[in-house]
Amino acid sequence: MDQLKERRAAAAAAAQENFVDPDAVDVGPATEQSSTSTSAPSPVTSTPAEAAPPKRAPRKRTMAVTTDGRPTKSVNVVYVSEAVKRRFDAQRHKTRKVSHQLVLEAISKQRAELATIIENSRFSTAPVDDLFPADPKAVRYLGGGSAQIHYNITPDQDAVLDELTAELGFDTRSTWIAPVLNAYLGGRKEKLAGQG
């Protein structure tokens, strides 16, 4: 009697190991071979419903995605000076706005003047005579620095910032957003020597 139970358990285990999922690639019929028998393999007699392991619940995504699979929000960083970061935080708390609202507001409210603001903020850390152009690696912009401002935006907002970045002739957003924030935020603005 015990041997019969052992054989049935071994046969059921072998059937489950050799089970072929009908949704999987067709690899031919699954077979079962009893460890106590030396005869030719015989077809599996169990039905897929009996041998299939229980289905797992689908994993929950940690971030919502759009219909094309992109995240609904992307995290961005703008590198600013410590002074601009303090002014940004002060205005954010005063107006009760989140970071992305303040960043996008600064850009949209000054849209017509962006190129002028950026050009007037440009300076060289290694100036040379007027005859020679400045070293591009030494060019900096007022408001730029190592302090970070994080902001989350939608893919559509992301696309607009990409367009503006290309339109203004930059490779990275942070380079031009920092001077725009410097010009927009309240408080003492960073200025070049000789500017009023």
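How many helices and strands does the protein chain have? The chain has seven helices and six strands, where helices (H or I, at least four residues) and strands (E, at least two) are DSSP runs numbered from the N terminus. The model is a predicted one, in which local features need pLDDT of at least 70 and side-chain atom pairs count only at pLDDT 80 or more, whereas totals for chains, interfaces and linings use all residues. Residues are numbered from 1 along each chain as its sequence is written, and side-chain values use heavy atoms, with hydrogens and water left out.

Read from the N terminus, the order of elements is α-β-β-α-β-α-α-α-β-β-β-α-α. Of the 196 residues of the protein chain, 27% count as buried; buried means under 20% relative accessible area, exposed over 50%, and partly exposed in between, with a 1.4 Å probe and protein chains only. A contact is defined by heavy atoms within 4.5 Å. Among contacts in the protein chain with a separation of 6 or more, 67% are accounted for by residues 24 or more positions apart.

Leaving aside residues up to four places away in sequence, Glu105 touches Lys97 and Tyr184.

The loop between H3 and H4 contains Arg96. Most residues other than glycine have a negative phi. Arg96, by contrast, has a positive phi, near 55°. At 77% relative accessibility, Arg96 counts as exposed.

Helix H3 (residues 82-95) holds another arginine, Arg87. Arg87 is buried, because its relative accessible area is 9%. Although Arg87 and Leu181 are 94 residues apart in sequence, their C-alpha atoms are 9.3 Å apart in space. Not counting residues up to four places away in sequence, Arg87 touches Leu181, Asn182, Leu185, Gly186, Gly187, Arg188, Lys189 and Glu190.

The next topic is the packing of H5 and H7. Two packed helices are described by the angle between their axes and the distance between the axes. Helix H5 (residues 114-121) and helix H7 (residues 173-184) pack at an angle of about 95°, with their axes 9 Å apart; axes are lines fitted to C-alpha atoms, for helices over the stretch in contact, and angles run from 0 to 180 degrees between N-to-C directions. H5 is therefore roughly perpendicular to H7, on a scale where angles under 35 degrees are roughly parallel, over 145 roughly antiparallel, 65 to 115 roughly perpendicular and the rest oblique. From H5, Leu114, Ile117, Ile118 and Ser121 meet Trp176, Pro179, Val180 and Ala183 of H7. By class, this contact of H5 with H7 comprises seven nonpolar, one polar and no charged residues; Ala, Val, Leu, Ile, Met, Phe, Trp, Tyr, Cys and Pro count as nonpolar, Asp, Glu, Lys and Arg as charged, and the others, Gly among them, as polar.

The structure also has one aromatic pair, where rings of Phe, Tyr and Trp (its six-membered ring) pair if their centres lie within 6.5 Å, with planes under 30 degrees apart counted as stacked, over 60 as edge-to-face and the rest as tilted. Tyr141 and Phe170 form this edge-to-face pair, at 5.6 Å centre to centre and 70° between the planes. The partners are 29 residues apart and link distant parts of the chain, with Tyr141 in strand E5 (residues 139-141) and Phe170 in the loop between helix H6 (155-168) and H7. Tyr141 is buried at 16% relative accessibility, and Phe170 is buried with a relative accessible area of 16%.

Helix H6 itself contains Asp158, which counts as buried at 19% relative accessibility. Asp158 touches Ser74, Asn76, Ile153 and Arg173, not counting residues up to four places away in sequence.
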